[in-house]
Amino acid sequence: MEKVTLKRTPLFDLIEPKAKMVDFAGFEMPIMFSSIKEEHLAVRQNVGMFDVSHMGEIRIEGPDALEQVQNLVTNDISKIKVGQAQYNLLCLEDGGVVDDLLVYRLDEDAYWLVVNASNIEKDEAHIRRYVKGDVVVTNESDEYGQIAIQGPNAQSVLQTITNVVLDEIGFFKFMNGDVAGVPSIISRSGYTGEDGFEIYARAEAISAIWEALETEGVTPCGLGARDTLRFEACLPLYGHELDESVTPFEANLNFAVKLDTDFVGKEALVTQKENIPNRLIGLKLLGRGIARQGAQVELDGNVIGVVTTGTMPPTVNESIAWARVDARYKDEERFVIDIRGKKIEAERVPTPFYKRTK
């Protein structure tokens, strides 16, 4: 068999000796450093950091950039100003989700699309297929690294190594400045349900930021904790809650779809909005077991849905699941989950499973 060579982030040499590494989206990434539970709780209670340099960055700039990016994404990017970011979705013409992403407005005519690592090539091809007019599309994914610093003490720690006044950066806003002496983009955003920042810097320089944060006592965290954190906060993960067979409405992402704009997939979503076939609901298992992705959800002996993510995350400390179910049954109170042939009762619970106290 042909040996697959995994990609490595700019932080690999710093991280690999201290972490358990796995294949994720074609990259050799840390699943954990100490333990998923310790890293998860460090973010909830103090501050942790993640190497997320595997994420992709695609620049779209030129006189027609606003019009062309608007044609690609479901949200209304005319609402964001320079220095702001917005959660967005790329869709197929049938409404299925190509990817979920952040759009940063870098300048009047320049946008940065930060996309999932597993979808970089697919997203670029999709963008180039639909973008027209006076714009230039540049895949800058190999040129940048990214570190996420998350947790209630993220701001106080990061402030010690940056010249940017972090109080001036609101949620989903960003500024340019030095971090540990490295020119960076500092964005107040994240994927954990906590306050925090995502720092973008040139690939060849970002190691200095990781080392400075480590010196300040920030806990290095792997993808395992990143997954349990985002799940508790009910933040979707592509390949679980989202894929090309799922529309934004079926993933409860109505807030990111503005049907008064024009974008690829709009017509299909206008039609579907009147009769959304499936919805995501939160479930708590009433018996022993963990409902993993793909476990069937049943009602009165009939399969009416499937688990998209399930585990027993450290903060909630109960066996919970996110499930996509037939929308006709989304308000039912009790279900059964088939876990490898074992039928476990579950009850519907409110989402998100965890919400920080501000």
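1. Strand E6 gives the largest pocket the largest share of its lining, three residues. Strands here are DSSP runs of at least two residues, helices (H or I) runs of at least four, numbered from the N terminus. A pocket is an open set of points on a 1 Å grid over the protein atoms alone, where a 1.4 Å probe fits, with protein on both sides within 12 Å along at least five of seven lines. Lining residues have an atom within 4 Å of a point.

2. A word on the basis. This is a predicted model: local features need pLDDT of at least 70, side-chain atom pairs need pLDDT 80 or more, and totals for chains, interfaces and linings use all residues. Residues are numbered from 1 along each chain as its sequence is written, and side-chain values use heavy atoms, without hydrogens or water.

3. The largest pocket has a volume of about 1,100 Å³, counted as the space filled by probe spheres set on grid points joined across faces, edges and corners. Its lining has 39 residues. Phe171, Phe172, Gly190, Tyr191 and Leu235 lie nearest the centre. E6, E7 and strand E12 (196–202) each give two or more residues to this lining.

4. The largest nonpolar core has 42 residues. Such a core joins buried Ala, Val, Leu, Ile, Met, Phe, Trp, Tyr and Cys through side-chain atoms within 4.5 Å; buried means under 20% relative accessible area with a 1.4 Å probe, protein chains only. Tyr87, Leu89, Tyr104, Trp112 and Leu242 have the most contacts inside this core. Elements that each supply at least two of its residues include strand E5 (85–91), strand E6 (97–107) and helix H7 (223–232). A second, separate core has 27 residues, among them Ile149 and Trp210.

5. Leu242 deserves a look. Beyond residues up to four places away in sequence, Leu242 touches Tyr87, Leu89, Val97, Asp100, Pro236, Leu237, Ala251, Leu253 and Arg324. Contact means heavy atoms within 4.5 Å.

6. Is Ser187 buried or exposed? Ser187 is buried, at 0% relative accessible area. Ser187 lies in strand E11 (residues 182–187). Its side chain makes a polar contact with the side chain of Tyr104 at 3.1 Å. That term means a pair of N or O atoms within 3.5 Å; within protein, one must be able to donate a hydrogen and the other to accept it, and residues adjacent in sequence count only if both atoms are side-chain atoms.

7. UniProt, in an unreviewed entry, places "domain: Aminomethyltransferase C-terminal" at residues 279–355. That span is 0% helix and 55% strand.

Definitions and conventions. UniProt positions are given in the numbering used here, feature names are shortened, and annotations may be inferred rather than shown by experiment. Buried means under 20% relative accessible area, exposed over 50%, partly exposed in between (1.4 Å probe, protein chains only).
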